[in-house]
Structures are given as C-alpha cells and as structure tokens.
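Visitor: I read structures through numbers. Please walk me through this one, feature by feature.

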Amino acid sequence: MILRLFRYFCLCGFLSGATLCSATTDEQRERLAIAHLLACGRLPATDETAVVPADEASVATLLAQHRRRWRDDSSARVNVARRAWRDAFGRNPTASELAAEEAAPLTYAERLQHHLRRLAADAAVSREVLHRAYRAAVQREAYAEEIRYWQPHGALPFVVLVGCIEDWAQRNQPGLMVTTGVPAISVNSRLLVTRALPPDLAAEVRAVLFPERIDAVSSGRLLTAGGEKIATRGGMHLVIAGRADFGGSD
C-alpha cells in the first residue's frame, strides 16, 4: 500500500512537472514568434521555431540575437529593409532607396518607426501613402472627406491604414460611402499578418518598442509604429505586419 502511494505521488509530480514544462515551452515558443515578427516583419517558418531555448529569453534578448546574426547576413538585412519600406510606404523601394536602408542591422519594427518619422515630416508623401492604402483595401482613391478624416490621427504607415480601412469596409458592406467612426484593426484581417498577445507579453513588447514613450503608449493595444492612435477589435493586444503579397510596386 505504501509503495502504491509512493508511486502515485511520484506520477502526480511527474505529470505536474511535465505540464509546467509544456506551458513554459509554449510561452517561449510564442515569445519567439512575436520577436521574429518584430524583427523580420513576418512570422517564423516551422523550422525557425523547431528548437526552443531551454532558458526563457526575453523579447529584447531575442531581438538582439537577430541583430547579431544580420551583421554578417546582408541578404537578411535586405529582406527586412524591403519589407519595412513596403509596409511603411505601400510600395517597393527603388534600388537606391534599398541600398541606403539595408546597411544597418535594424529590426523591422525599428525601421517602421524610422519611416513613420519621415511620413510625419512630409505631408505630400503621407497623402500618397493614404491613397495607396485605399487602393489596396477598397480599390479606389481616398475621398477628400477621408483625407480630412485621417488628419487628426497624424501620419500613419501603410500597414496600419490598410488594416483600418479594411475593417471599416467589412463593417459597412454593402454600399460603402465615406470612412467614419473609430479606426480599428481586427485580428481577423485578411490583408495583414496579425498576432494577439496576452497582457504580460504585450507589456514586454511595449517596453521594447517604446522605451522613451512608455507612459504615452501604455494604454495602446496596437503594438506598432503609430499604433497608439488606433483601436483594436475586442480590445486585443496585437502585433501586425503586411502579408507577403501586400502592398504595391509603383
């Protein structure tokens, strides 16, 4: 009888440990996926998350690992630079634009924030991006009323605008008129790659993305450049990027 009880408690301990280990591995795999999206502008392929580190690594640590790898991988830097440019401006960069951008080992998220500053400083370029976003999401130019509608929200990258316009269009079909209401992005977007985060991981990502403005964006649910101005459906914490076939080429 004592031996049976001993075996029972050992089995319970083993199962509890296995469950805890599985939960920790799942959490770390999710952290790896989020860090990869922030670093590369895409979710990782299956083989890129096949090996999960035994020790829990923070998002900041994982991003630093990407940067170190890119120092000797110009092809990876080019891909990230191209993807960030496309998601910011709604078009592929020219050869000279890409050459100027790809040298530094910056993450996708860092590049998008850099491009947002350029959009904020150039109203003409920002308006071009807005028109591209309407063409991508609803196959038409932005109306004059819609240009005025977006002005209070400031400059926004193409990827954010497309997600918001898509959400508005889906909620107002059929007979689309002029964009109104609160701009928001849905986790179910068909034009974007989206990933929902639990609150604790969202707080970790927010601290990495906006270390100097954490108080100003602490309530933001869309964790990307310009995202503090945008709502999310269901109040989800989201990270986003454009899909592989997303954006124009003009």
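**Contacts and burial**

Visitor: Which residues is His115 in contact with, leaving aside its neighbours within four places in sequence?

Guide: Contact means heavy atoms within 4.5 Å. With neighbours within four places in sequence left aside, His115 is in contact with Ala84, Trp85, Ala88, Phe89 and Glu101. The model is predicted: local features need pLDDT of at least 70, side-chain atom pairs count only at pLDDT 80 or more, and totals for chains, interfaces and linings use all residues. Residues are numbered from 1 along each chain as its sequence is written, and side-chain values use heavy atoms, with hydrogens and water left out.

Visitor: Is His115 buried or exposed?

Guide: Start with the cut-offs. Buried means under 20% relative accessible area, exposed over 50%, and partly exposed in between (1.4 Å probe, protein chains only). His115 has a relative accessible area of 2%, so His115 is buried. His115 sits in helix H5.

Visitor: How are helices and strands assigned?

Guide: They are DSSP runs, numbered from the N terminus: helices are H or I with at least four residues, strands are E with at least two. The protein has ten helices and four strands. Along the sequence the pattern reads α-α-α-α-α-α-α-α-β-β-α-α-β-β.

**Helix faces**

Visitor: Why do residues three or four places apart in an α-helix point the same way?

Guide: An α-helix has 3.6 residues a turn, so residues at that spacing point the same way. Take helix H4, residues 95-102, where Glu97, Leu98, Glu101 and Glu102 are buried. They cover an arc of only 115 degrees around the axis, which puts them on the same side of H4. The arc is that of the directions from the helix axis to the C-beta atoms. On the face turned away from that buried side, H4 carries the exposed residues Ala95, Ser96, Ala99 and Ala100.

Visitor: What covers the buried residues of H4?

Guide: The cover includes helix H3 (74-89) and helix H5 (108-121). Look at Glu97 in H4. Leaving aside neighbours within four places in sequence, Glu97 is in contact with Trp85 and Arg91. Its C-alpha atom is 9.3 Å from that of Arg82, 15 residues away along the chain.

Visitor: Which residues of helix H9 are buried?

Guide: H9 spans residues 199-209, and its buried residues are Leu201, Ala202, Val205, Arg206 and Leu209. Seen down the axis, they fall within an arc of 140 degrees, so they line one face of H9.

Visitor: How far apart are Asp167 and Thr232 in sequence and in space?

Guide: They are 65 residues apart in sequence and 9.9 Å apart in space, C-alpha to C-alpha. Asp167 lies in helix H8 (residues 158-171). With a relative accessible area of 5%, Asp167 is buried. Not counting residues up to four places away in sequence, Asp167 touches Ala184, Ser186 and Arg233. Now the whole protein: among contacts between residues at least 6 apart in sequence, 71% join residues at least 24 apart.

**Strands**

Visitor: How many bridges join strand S2 to S4?

Guide: The rule is that two strands pair if DSSP finds at least two bridges between them. Six bridges join S2 (residues 192-197) to S4, and the two run antiparallel. Leu192 stands opposite Gly242 in S4. S4 covers residues 237-242, and six of its six residues are buried. His237, Val239 and Ala241 are on one side, with Leu238, Ile240 and Gly242 on the other.

**Cavities and surface**

Visitor: How many cavities of 30 Å³ or more are there?

Guide: On a 1 Å grid over the protein atoms alone, a cavity is a set of points where a 1.4 Å probe fits but cannot get out; lining residues have an atom within 4 Å of a point. Grid points are joined across faces, edges and corners, and a volume is the space filled by probe spheres set on the points. By this rule there are two cavities of 30 Å³ or more.

Visitor: What share of the 250 residues is buried?

Guide: Buried residues make up 46%. The protein exposes about 13000 Å², and carbon and sulfur atoms supply 56% of it. Accessible areas come from the Shrake-Rupley method with a 1.4 Å probe; for residues, only the protein chains shown count as cover.

Terms used. On a 1 Å grid over the protein atoms alone, a cavity is a set of points where a 1.4 Å probe fits but cannot get out, and a pocket is an open set with protein on both sides within 12 Å along at least five of seven lines; lining residues have an atom within 4 Å of a point.
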